[in-house]
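Please look through this structure with me, one question at a time.

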Amino acid sequence: MEAVLTEELDEEEQLLRRHRKEKKELQAKIQGMKNAVPKNDKKRRKQLTEDVAKLEKEMEQKHREELEQLKLTTKENKIDSVAVNISNLVLENQPPRISKAQKRREKKAALEKEREERIAEAEIENLTGARHMEKEFQKYCEDIVNTAAWGGQLELRALSHILQTPIEIIQADSPPIIVGEEYSKKPLILVYMRHAYGLGEHYNSVTRLVNIVTENCS
């Protein structure tokens, strides 16, 4: 029973550590998003605030659901553990004893594991810090301007806000996506090409198909 409780605590601690790690990564991402929007652009700042609130709310809900699922699983494990312990009491007079040497080995292994986790967390913090995110964002912008790299959702959202026009993206294998739904103008239409002409994933502009018969008659 004691071993089961220890394992449950380990699982909960691991989950909480992962949650802390994900929160740090989200904060780093949010900082990068804030750096990309000028402070004097009130409209984009307002949209940024909404996007940030949505991201934080989604993560909070995800973490809450994971904790609830862990508690439910823990409760089921306790019931199974009680049944097993009752069976063991009937079959055995005394539980097996763990030697002092085994305890020392287990303690040493636990300390080593904790040390490695602290090192891993420090490395993740270095990789996802604000300074690193700023450099990564600058490199991303330079690649878009100076190389053959294709833009994506970030650029489409920026264009939609600048033009104050919605952008509709048509895809072959899923429903259309509309960026900038808050704008009332006639949407610009793009097509998302997953694999075409050896160019990889990218967006293409489209033009309305003209009826050839009507054109000839005119």
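Q: What percentage of the residues in the protein is buried?
A: This is a predicted model, in which local features need pLDDT of at least 70 and side-chain atom pairs count only at pLDDT 80 or more, whereas totals for chains, interfaces and linings use all residues. Residues are numbered from 1 along each chain as its sequence is written, and side-chain values use heavy atoms, with hydrogens and water left out. Buried means under 20% relative accessible area, exposed over 50%, and partly exposed in between, with a 1.4 Å probe and protein chains only. Of the 218 residues in the protein, the buried share is 17%.

Q: What average pLDDT does the protein have?
A: The pLDDT is the predictor's confidence in each residue, from 0 to 100. In the protein, 76% of the residues score at least 70, and the average is 79. Over residues 1-5, however, the pLDDT is below 50. The average asked for is a pLDDT of 79.

Q: In what order do the elements of the protein run from the N terminus on?
A: Helices (H or I, at least four residues) and strands (E, at least two) are DSSP runs, numbered from the N terminus. The protein has six helices and four strands. From the N terminus on, their order is α-α-α-α-α-β-β-β-β-α.

Q: Which residues in α5 are buried?
A: The residues buried in α5 are Leu-156, Ser-160 and His-161. They lie on the same side of α5 because they cover an arc of only 130° around the axis, the arc being that of the directions from the helix axis to the C-beta atoms. The names asked for are therefore Leu-156, Ser-160 and His-161.

Q: Which residues does Gln-47 touch, not counting residues up to four places away in sequence?
A: Gln-47 lies in helix α2, and counts as buried because its relative accessibility is 14%. Contact means heavy atoms within 4.5 Å. Leaving out residues up to four places away in sequence, Gln-47 touches Arg-157, His-161 and Glu-182.

Q: How much space lies in the largest pocket?
A: On a 1 Å grid over the protein atoms alone, a pocket is an open set of points where a 1.4 Å probe fits, with protein on both sides within 12 Å along at least five of seven lines, and lining residues have an atom within 4 Å of a point. The lining here has 23 residues, with Met-33, Ala-36, Leu-154, Glu-155 and Arg-157 nearest the centre of the pocket. Grid points are joined across faces, edges and corners, and the volume is the space filled by probe spheres set on the points. For the largest pocket, this space is about 760 Å³.
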